[in-house]
Amino acid sequence: MKILRFCSLLALSLPAFTVSAAEPRVLASVHPLGLVAASVVSAEQLSVLVPPGMTPHDFSLRPSDVEKIQAADVILWSGAEGEPYLAGFAKRWPDKQWIDVSAFAADGHHDDDAQDGHDDHDHQRGDSHRDGDVHDHGDDAHDHAGHHHDPHWWLNPEQMVAAQRQLAQRLGRDPAPFAAAVEQQLAASQQTLSPLRGRGFFVFHRAWDHWVEHFGLNQVGAFTLTPEQKPGLKTLQSMRTQIEQGNVVCVFSEPEFSPALVESVVRGTGVRRGELDPMALNIPLTVNGYPAFLSDLTQRFETCLKNDR
Ligand SMILES: [Zn+2]
């Protein structure tokens, strides 16, 4: 009797997929992490939490989402800072394999740091000095950890290679093809974007820090730090001035958010417009989805930044 009970407890404590013959079910919190996962996970075994048209900024869990989490064996997510709605579940269901991609940041910054006051992405806080975003977008006083703390980790390709390696190893798959494909795409992107490094641009929200840093691009500012915060009149005026002075050749909007704000600033200036989607919704979940995303982004930057007029 005692032995039997011990055995059944042991079975329960093992991850579900080592017990059953079925393939593990993988849940990616957002579509871009789904693209990373799709490199080693079949479409049938993969699901994505945040639905099309939504972002981690405006997402909250419905009961059907909780069922998705419950059904998953492995969860690829951005960590408590970027996706606070998942943090409680990571604690509640520790037997699932939670792969927090923020833990793979090259400088060792990840969510644990958020506890000692680096909560610059605290969406609830009504900080008026965000208006200053357009002027000092790098390492001003309130932005303790700077761009390294941008929780849009999927725009840091090297970090995704590291996170994917862990996912692949846990699934018993070979991570090498993904790493090679990303490396190859990055080399091509580098070649395309290097000549455009000096060309100034505005992005819609501060999602692009990792990308901008990787390629050394000239991001002059953003409309807002996070999309829940509308920029003030002073910020919009200053952005307009930057465009008029020729410091900015391209202004990017994002499909998840109304372009009205962007239009109000660029109207009549003749500055070039582009669109960037940090949620990568135009890229299907396929084995090569993530490198395809990087390639698509590179083309969008190139088209908007190039000097052909
Ligand atoms: Zn965002």
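Hi everyone. Before we start, please note that this is a predicted model, where local features need pLDDT of at least 70, side-chain atom pairs count only at pLDDT 80 or more, and totals for chains, interfaces and linings use all residues. Residues are numbered from 1 along each chain as its sequence is written, and side-chain values use heavy atoms, with hydrogens and water left out.

Let's begin with the whole chain. It has 11 helices and 8 strands; these are DSSP runs numbered from the N terminus, helices being H or I of at least four residues and strands E of at least two. Of its 309 residues, 51% count as buried, meaning under 20% relative accessible area with a 1.4 Å probe, protein chains only.

Now, what holds the zinc ion? Its protein donors are His57, His152 and His205, each through NE2, at 1.9 to 2.0 Å. Donors here are N, O and S atoms within 2.8 Å of the metal (3.2 Å for Na, K and Ca), and since water is not among the atoms, sites may look incomplete. The spacing in sequence reads H-x94-H-x52-H. Histidine 152 sits in the loop between strand S4 (97-100) and helix H6 (157-171), while histidine 205 belongs to strand S5 (residues 200-205), so this pair, 53 residues apart, links distant parts of the chain.

Staying with S5, we come to a sheet. Four strands form an open sheet in the order S6-S5-S7-S8, with parallel pairing; two strands pair if DSSP finds at least two bridges between them. Strands S6 (218-224) and S8 (272-275) stand at the edges with a single partner strand each, so one side of each has no neighbour in the sheet. S5 and S6 pair over 5 bridges, and our zinc donor histidine 205 stands opposite threonine 224 in S6.

Finally, the cores. A nonpolar core is a set of buried Ala, Val, Leu, Ile, Met, Phe, Trp, Tyr and Cys residues joined through side-chain atoms within 4.5 Å. The largest has 68 residues, and those with the most contacts inside it include Ile69, Phe201 and Trp208. Helix H11 (residues 289-305) gives the most to this core, with 7 residues. Apart from it lies another core of 15 residues, among them Leu236 and Val262.

How values were computed:
Buried < 20%, exposed > 50% of the residue type's maximum accessible area, 1.4 Å probe, protein only.
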